[in-house]
Protein chains: 2
Amino acid sequence: MNIVVAQSGGPTCAINASLLGVFKGALKSKEIDIVFGSLNGIEGIINDDMIILNDYIRTYMDMESLRQTPSTLLNSCRYKLPDINDDIEVYDNIMNTLKRRGIGAFFYIGGNDSMDTVNKISEYFTQQDCDIKVIGIPKTIDNDLTCTDHTPGYGSAAKYVATTVQEIVRDCSVYSINSVTIVEIMGRDTGWLTASASVLRANGEIAPHLIYLPEARFSVQSFLSDIRRVQQSRRAVVIAVSEGIELDPNDIPEEIRNNTCDNFGHRYLSGVGKCLENIVRREIKCKVRSIELNIMQRCSSHLSSKTDIEESEQIGTAAVYAALSGLSGKVMVFERVSNNPYTVVISNVDASEVANKVRYFPPEWINAQGNDVTEKAIEYILPLIQGEQDIHYINGIPLHFKLGN
Amino acid sequence: MNIVVAQSGGPTCAINASLLGVFKGALKSKEIDIVFGSLNGIEGIINDDMIILNDYIRTYMDMESLRQTPSTLLNSCRYKLPDINDDIEVYDNIMNTLKRRGIGAFFYIGGNDSMDTVNKISEYFTQQDCDIKVIGIPKTIDNDLTCTDHTPGYGSAAKYVATTVQEIVRDCSVYSINSVTIVEIMGRDTGWLTASASVLRANGEIAPHLIYLPEARFSVQSFLSDIRRVQQSRRAVVIAVSEGIELDPNDIPEEIRNNTCDNFGHRYLSGVGKCLENIVRREIKCKVRSIELNIMQRCSSHLSSKTDIEESEQIGTAAVYAALSGLSGKVMVFERVSNNPYTVVISNVDASEVANKVRYFPPEWINAQGNDVTEKAIEYILPLIQGEQDIHYINGIPLHFKLGN
């Protein structure tokens, strides 16, 4: 039989490692012939827009460079499948395309939207008595999927955040004046990635001095008094703040609200970091800077976590074995067996358990003041960022694997 | 005799490598006893605020970790020495401190302001018949110092910019809609660092599709028509733009000018990238994002250029030999002997030649349309970003060398 793999949602450093895992799993299996790559996520199956991956990934170096290439080789989509009762034609379409190409299993690498797709298609196949297997492979830097200890992609993003915040701390500490540096970190709903800045403490760093997650109530007044308190003992204050914290508009001086904060419909204005920067400048009157780690935190594969990349590849291969063993409608997940030594096993759960659900940062891992995380959070995150990939450079720049220019 | 070393100006990844070079040069010399570190640049000499570096840098791993620590171990300052006719007391102060501590040579690692300091102090010492040597060691990610082929710190920043822009290109190419991504790169006066994004072409990348430097005249109308032209052949347009380009206020729609551009006195608003983002969104009406590489481009030592770090260390050591050979009032510089194989020699020039001068990006390396650089620029930059440092990690995070927390 043939198989098809697709990638969906926002880029990470680990999605191509999972793609490689699926590909290598298929190579090892005598039952699998062609590995198709569906372009633009599920859309490539709906529109029958696929490539034969075996024609592109041919050598050892192809695999090495694919593993270290960020983002999605097969592009992506934000397409959400309609409810089957609203539009069964799309589902028929998918089944017919897969059958026509002799495809016996479909692997979807993505976030919780994609797991919804896995769930819907596998349910439809069951209804239709169609034997094509559908398996979901999770990925997201947000780490907010349920039923898994962590998600592929999170460890690398966390390693980037921790390393970069440490470098920012060095950079911000050189002048003998008071300063506040606000680092805005991704995570619209959950604080997992922002919390990763805390792991610097494992190396004796005190910074970041304050950490704010969406799971804790945020108040501008407490924020300002937190800073003033830290300033009593140190010159350069470094703050990690999630893009997803909620600011009460009434807490923000009108002039700043009108000019910089985008929570209020001003889409062309800036994010929460810039807004807080302006509040600090006005209220505390010291040197202040905000830094958005922006998409670098999800695509800086030159600094990926070896643990994350290896696990992401393994979970891709495990998905192939799961399909071959007859499973369908499942999402592959990690279970952490032990922290010391760090040990995970790969298992699977029903896609319906994962689809459309969000796993929040545990409130008990946030301190009472809501401005830092606890030791437990550090213990949880630290194993996920261990190890560095041996990156292949050409002309001083990491080698990327591409389908074309 | 003893010596003293100080660091000044904005952080880079290479300033501590030059500090290490001075330190190791001193260790090798039988004539030098103590290496003092002046805290906060020249201010530490004026205020007699120094540490004995030999007490801190004791082991091989101290040296290894210092080399890979970004920013300035000894802090920094933006202090500019007054003219000697305006305030001779400061100069007397400096001389007395150095004499009292038995210091025979002062090494100042910094940008063109610092080279002005080197020049002034050495002239004063000559007047006073004081035999203390003063040597400047250049550093700046801006690469805008005269009399040297390039500056320590530039190669690492250029490697970061090129690597990161390549990762951004991968990230931005996944969706099947038109998009424009504007990467804002440091360089208030010169385009050297922005130009480094062009080296991706050496690996067959077409992006960045447009490059704008301060040395070329910038027009919003040409910018928009450049984008529209590129969009005829590709979906995802990636643009490298220097923070230093000058926008004509009359070119900017009033609403955007009032809300986001900081060139006009609105210091709490955003930079040129955000301003251009808003213009593109309004005029071209496609998905658009601006990304500020911010201070990460000067402090991401986890991704430094081995060539840059090795040269930065060597030029520090060479400065010690220069002082021991009797030179003073000099700045150490690189001369490029050959590009293939890349070969540089370290020599020196009078500090007065370097002080307060700016070296601009050569206009002949900018294309006729003013929206890209030529092959010559790529040939110049490429050797400077070659090689990667073996970074030591502890707990998955680069090991940094610190004097305290």
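The legends below describe close-up views of a predicted model.

In this predicted model, local features need pLDDT of at least 70 and side-chain atom pairs count only at pLDDT 80 or more, while totals for chains, interfaces and linings use all residues. Residues are numbered from 1 along each chain as its sequence is written, and chains are lettered from A and ligands numbered from 1 in the order in which they are written.

**View 1. The open sheet of chain B has seven strands in the order β3-β2-β1-β4-β5-β10-β11, with mixed pairing.** Helices (H or I, at least four residues) and strands (E, at least two) are DSSP runs numbered from the N terminus, and two strands pair if DSSP finds at least two bridges between them. β3 (50-52) and β11 (342-350) of chain B each have a single partner strand, so one side of each of these edge strands is left without a neighbour in the sheet. From one strand to the next the twist averages 30 degrees, where angles run from 0 to 180 degrees between N-to-C directions and axes are lines fitted to C-alpha atoms, for helices over the stretch in contact.

**View 2. Strands β1 (residues 2-7) and β2 (residues 35-38) of chain B pair in the parallel sense over three bridges.** Within this pair, V4(B) stands opposite F36(B) of β2(B). Helix α1 (residues 15-28) of chain B packs on the sheet, where it touches β1, β2, β4 (103-110) and β5 (133-138) of chain B, and its direction makes about 175 degrees with that of β1(B); two residues are in contact if their C-beta atoms, placed from the backbone, lie within 7 Å.

**View 3. β10(B) and β11(B) form a hairpin with two residues between them.** The two strands run antiparallel and are joined by nine bridges, and R336(B) has V344(B) in β11(B) as its bridge partner. Helix α13 (residues 306-324) of chain B lies across β4, β5, β10 (330-339) and β11 of chain B and runs at about 165 degrees to β5(B).

**View 4. The axes of α1(B) and α13(B) come within 7 Å and cross at roughly 40 degrees.** That angle makes α1(B) oblique to α13(B), given that angles under 35 degrees count as roughly parallel, over 145 as roughly antiparallel, 65 to 115 as roughly perpendicular and the rest as oblique. The crossing of these two helices is right-handed; a crossing is right-handed if the near helix is turned clockwise from the far one by less than a right angle, and left-handed if anticlockwise. Among the residues making the contact are L19(B) and V22(B) of α1(B) and I315(B) and V320(B) of α13(B). By class, this contact has 10 nonpolar, seven polar and two charged residues, where Ala, Val, Leu, Ile, Met, Phe, Trp, Tyr, Cys and Pro count as nonpolar, Asp, Glu, Lys and Arg as charged, and the others, Gly among them, as polar.

**View 5. α7(A) and helix α13 (residues 306-324) of chain A pack at an angle of about 165 degrees, with their axes 7 Å apart.** This makes α7(A) roughly antiparallel to α13(A), and the crossing is left-handed. In the contact, Y154(A), G155(A) and S156(A) of α7(A) meet T307(A), D308(A) and I309(A) of α13(A).

**View 6. At the interface, 58 residues of chain A are in contact with 58 residues of chain B.** α7(A) gives the most to the side of chain A that touches chain B, with nine residues.
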